[in-house]
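Dear colleague,

Please find the structure below, together with its sequence. A short account of what was found follows it.

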Amino acid sequence: ASQINLGRLYNDDGRHAAAVEYFRTALEILHRIADGHADVVAYQEHAAGASHNIAFALRLDGQLDQALEHAQSAVKRRRRLYEQSGTNASAESLAESVELVAKVHEGRGEIDAAVAARRDLIELRHTLALQGDATDFQLWQLGAGHLALARLTAETGDFSATENSLQKVIDWLSRGAAAVEGTPEIVLVARMQRCDALDELG
């Protein structure tokens, strides 16, 4: 736990290379424990979290190859936990790591892979939102997810998909606008509604 806390402290302070080393130590320990106790859910969650933490720090440090490797490891472990439990908490954790994978792919210029990850993330967020009365924050997350996807599909030239995503941005964010009024996403949607132009994505 101390290694993780120190890693987070250094990460928050912008000292990402130092954070990576602390997270690496925690990862080695937690993965070894998890691999020896495959039936203990808590150990598997900690191991997945360790993979996510180091991937997050590696991305910020510009080490995108290693970041992708660890982020994908986190997704693999968290997807297994979600499939086993089906809980909202496990779905949220999985979504967090899927979004990190998307961001790393974007940083590497791998737009098609980033699009696939963003679509996976939206599906997860949609599932969560439909499990009960969706909160304004969940609606905002869905709208923001479609906005990120729209930016990517516009880069690929798939403007039909971009238009579809932009409409969903408006649909989802308008439902949850009361709680997040004034955020950049809401302002952007208002501008798109007035201008009806793809160049508002920039």
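A crossing of two helices is called left-handed if the near helix is turned anticlockwise from the far one by less than a right angle, and right-handed if it is turned clockwise. In this predicted model, the crossing of α4 and α5 is left-handed. The axes of helix α4 (residues 64-85) and helix α5 (residues 88-107) come within 8 Å and cross at roughly 155°. Angles over 145 degrees count as roughly antiparallel, and α4 is therefore roughly antiparallel to α5.

Glu92 is partly exposed at 31% relative accessibility, whereas Arg125 is buried at 10%. A network of salt bridges with shared partners joins Asp65, Arg108 and Glu110.

In the whole structure, 10 salt bridges were found. Among them is the pair Glu21 and Arg24, at 3.9 Å from N to O. Both residues lie in helix α2 (residues 16-36), 3 residues apart, or about one turn of the helix. Another salt bridge links Asp13 with Arg15; Asp13 is exposed at 54%, and Arg15 is partly exposed at 45%.

Finally, Ile29, Ile33 and Tyr43 make a nonpolar surface patch of about 230 Å². Tyr43 belongs to helix α3 (residues 41-60) and is partly exposed, with a relative accessible area of 33%.

With kind regards

Note on methods. Residues numbered from 1 in each chain as written. Predicted model: local features only at pLDDT ≥ 70, side-chain atom pairs only at ≥ 80, totals over all residues. Heavy atoms only, no water. Patch = residues over 30% accessible without salt bridge, like charges linked within 9 Å, V, L, I, M, F, W, Y side chains within 5 Å. Areas by Shrake-Rupley, 256 points an atom, 1.4 Å probe, with all protein chains shown as cover. Salt bridge = Lys/Arg side-chain N within 4 Å of Asp/Glu carboxyl O. Helix = DSSP H or I, 4+ residues; strand = E, 2+ residues; numbered from the N terminus. Buried < 20%, exposed > 50% of the residue type's maximum accessible area, 1.4 Å probe, protein only. Axes fitted to C-alpha atoms, helices over the stretch in contact; angles between N-to-C directions. Parallel < 35°, antiparallel > 145°, perpendicular 65-115°, else oblique.
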